[in-house]
Amino acid sequence: MRVSKRATSAIALSAAAALVASGCSSGDSGDGDAAASKDGSIVIHGVQPENPLVPSNTTETGGGKVIDWLFTGLVEYPNDGGAPRNALAESIETKDSKVFTIKIKKGTKFHDGTEVKSKNFVDAWNWAAYSPNGAQNGSFFADIQGFSETYTEDPDGEGPQKAQKPAKDKMSGLKVIDEQTFEVTLSAPTAVFPTKLGYSAFMPLPDAFFTQKPEEFGKKPIGNGPVKFVSWEDNVLIKLTRFDDYNLRDKMKIKDVDVKLYQDENAAYSDLIANNLDFMETVPTSALAGDKWKTDLGDRGMNTTTPSTAFIGFPIYDKRFQNAKLRRAVSMSINRQEISDKIFFGTRKPADSWANPLTPGAKPGNCTACAFNAQEAKKLLAEAGGFQGEMVFYYNADSSHKDWMDAVAQQVKTNLGINARAEGVPTFAVFRQNINAHKMNGPYRAAWQQDYPDVENWVNPLYVKGGSSNDGLYSNPQVDAAAKAASAAPSLEASHEQFAKVVEIVDQDVPTIPVYFYGQQSGHSEKIKKLELNNVGELDITSVEL
């Protein structure tokens, strides 16, 4: 649920443009001190990644941001929210949106010195699409011909039955033409396919990856991006340094980047104020009251809007949450405006649509389940047969989620009479591990930061059976069929119209609860003279000058 960044030449195909302007530093707008930048270092706020750093097995932002820095893909998304552009791709050509010929730039290298070749993409994609490998992002390759023969699903979720071994370990739709060229054949024309190719699931992997266990590689990853991996001490620090052989446009201006893995956002914020932390993407909610963050940071503070939405997820694999009327009742019992006003002091907007409205193709106001109506919610709860026992709302306690999750639980308790409360899980990594293992005993905090700028990304991964981030195991054959048809629409415009109809079905089922659209308040240290945020509000480390 992340996005790559950076920008070079335009891709051959037209693609929808994201609508988010990048944030930029309010500090010195000059060129900075070149010498200080060249040998300089910065410390960035981070959290412990859920898994070892394998691109196609990372679906959360803690590890995802690091992967986005370590790897460069075929396509990238400009910081200013413009249309996707070629990065490692020399060209992406098609006559029918079904067969794509992709040429990559010659002479780019992995961090181990080996050249990036077309086979490194084909091998990486085939590895991810072979379901026994367990790549969480495997479903992103479902567009490609032959995927159904490499990817089989567990027929009963976490039950006693096991997924059958796939018939093949390679997709028929991938073909290496030469060292710089490969061909991709999709099962059906898919207009959005080129837009997807900047997402980290589609990154290349070096030959070394296939000589070791994935988890071993992921603890010492070898990428092809502007920085290379140095070391990783769990829950403490990930060290990165400039890759001097990087030869694409977005080279590093500074040398070293330390990602400090915090367990407490307030501790990180204190370090930021004291100039002991050089960048924090989101200040804690405790700093929002009375615009305290503006007083604390002055011109070191930054304010932007991002295509990200906060949700409450349901463990639909738990029989207690399988009634759609119950889920709708919970959603309609939540006063989103009150949470926005009292918890976030107006810095977040109440969610009223299933896809963030900043996303190309998203329709505003299409979440009827997002309307606050306590009376209707009580009626729906009664029709669902009520709810017995305690409803616990879970969140990761190492970020600022306690206040708004407590508010959600209290509103459910007050408006529905359910014995509800919120409970924190100590770290994001453990929290995500529990979610991915389908071990959640109640609704839980979630968020979606678009992987690529298209409404398709707000449907297929989240609500289609087997989707990479369909964590609650929601399943509706109508949604699956309609989403498949929408994905195969002949143009982006037609695809967007059809996805609007898919969302109407999702809206009736309420598999998750959109709560608020993110606004982002960030901060940097005095040593940073210039920086840019990418189109989802993450730090573009290649822009930093000291």
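Trainee: Which elements each supply at least two residues of the lining of the second largest cavity?

Mentor: They are strand 12, strand 16 and helix 14 (460–463). Please keep in mind that this is a predicted model. Among the elements, strand 16 gives the most to this lining, with 4 residues.

Trainee: How much space lies in the second largest cavity, and what makes a space a cavity?

Mentor: About 210 Å³ of space lies in the second largest cavity. Of the 18 residues that line this cavity, Ala446, Leu462, Ser469, Asp471 and Thr512 are the closest to its centre. The term cavity applies because a 1.4 Å probe fits there but cannot get out.

Trainee: What is the volume of the largest cavity, and which residues lie nearest its centre?

Mentor: The largest cavity has a volume of about 660 Å³. Its lining holds 35 residues, and Thr61, Thr282, His401, Arg445 and Tyr518 lie nearest its centre. By class, this lining divides into 13 nonpolar, 15 polar and 7 charged residues.

Trainee: Which elements each supply at least two residues of the lining of the largest cavity?

Mentor: The elements are strand 1 (41–46), helix 2 (61–70), strand 12 (301–313), helix 13 (428–436), strand 16 (444–449) and strand 17 (512–524). The largest share, 5 residues, comes from strand 16.

Trainee: Turning to the second largest pocket, what is its volume, and what makes a space a pocket rather than a cavity?

Mentor: The second largest pocket has a volume of about 830 Å³. A pocket is an open set of points, whereas a cavity is one from which the probe cannot get out. In this pocket 31 residues form the lining, with Ala142, Asp143, Phe147, Val464 and Lys484 nearest its centre. Two or more lining residues come from each of helix 4 (147–150), helix 14 and helix 15 (477–487). Helix 15 provides the largest share, 5 residues. The classes are 12 nonpolar, 12 polar and 7 charged.

Trainee: How do you know that Cys367 and Cys370 form a disulfide?

Mentor: The sulfur atoms of Cys367 and Cys370 are 2.1 Å apart, and the limit is within 2.5 Å, so the pair qualifies as a disulfide. The count by this rule comes to 1 disulfide. Both Cys367 and Cys370 are buried.

Trainee: Why is the disulfide of Cys367 and Cys370 called right-handed?

Mentor: The torsion about the S-S bond is about 80 degrees, and the disulfide is therefore right-handed.

Trainee: Which angle class does the ring pair of Phe193 and Phe202 belong to, and why?

Mentor: The count of aromatic pairs in this structure comes to 21. For Phe193 and Phe202, the ring centres are 6.4 Å apart and the planes stand at 90 degrees. Centres within 6.5 Å make a pair, and planes over 60 degrees apart count as edge-to-face, so this pair is edge-to-face. Phe193 has a relative accessible area of 1% and Phe202 has 0%; buried means under 20%, so Phe193 is buried and Phe202 is buried.

Trainee: Why is the pair of Phe314 and Phe321 called tilted?

Mentor: Their ring centres lie 6.0 Å apart, with the planes at 40 degrees. Stacked requires under 30 degrees and edge-to-face over 60, with the rest tilted, so the pair is tilted. Both Phe314 and Phe321 are buried.

Trainee: Which residues do ring pairs link into a cluster?

Mentor: The cluster consists of Phe100, Phe121, Trp125, Phe141, Phe182, Phe193 and Phe202.

Trainee: What lies over the face of Trp232?

Mentor: Lys219 does, at 3.6 Å from the ring centre. The limit for the distance is within 6 Å.

Trainee: Why does Asp291 count as partly exposed, and why does His438 count as buried?

Mentor: Asp291 has 33% relative accessibility. Buried means under 20% and exposed over 50%, so Asp291 counts as partly exposed. His438, at 19%, counts as buried. Asp291 is placed in the loop between strand 11 (279–280) and helix 8 (292–297), whereas His438 is found in the loop between helix 13 and strand 16.

Trainee: What is phi of Asp291 and of His438?

Mentor: Phi of Asp291 is near 55 degrees, a positive value in a residue other than glycine. Phi of His438 is near 55 degrees, a positive value in a residue other than glycine.

Notes. Residues numbered from 1 in each chain as written. Predicted model: local features only at pLDDT ≥ 70, side-chain atom pairs only at ≥ 80, totals over all residues. Heavy atoms only, no water. Buried < 20%, exposed > 50% of the residue type's maximum accessible area, 1.4 Å probe, protein only. 1 Å grid on protein atoms, 1.4 Å probe; cavity = no way out; pocket = protein on both sides within 12 Å on 5 of 7 lines; lining within 4 Å. Points joined across faces, edges and corners; volume = space filled by probe spheres on them. Nonpolar A, V, L, I, M, F, W, Y, C, P; charged D, E, K, R; others polar. Lys NZ or Arg CZ within 6 Å of the ring centre and 35° of its normal.
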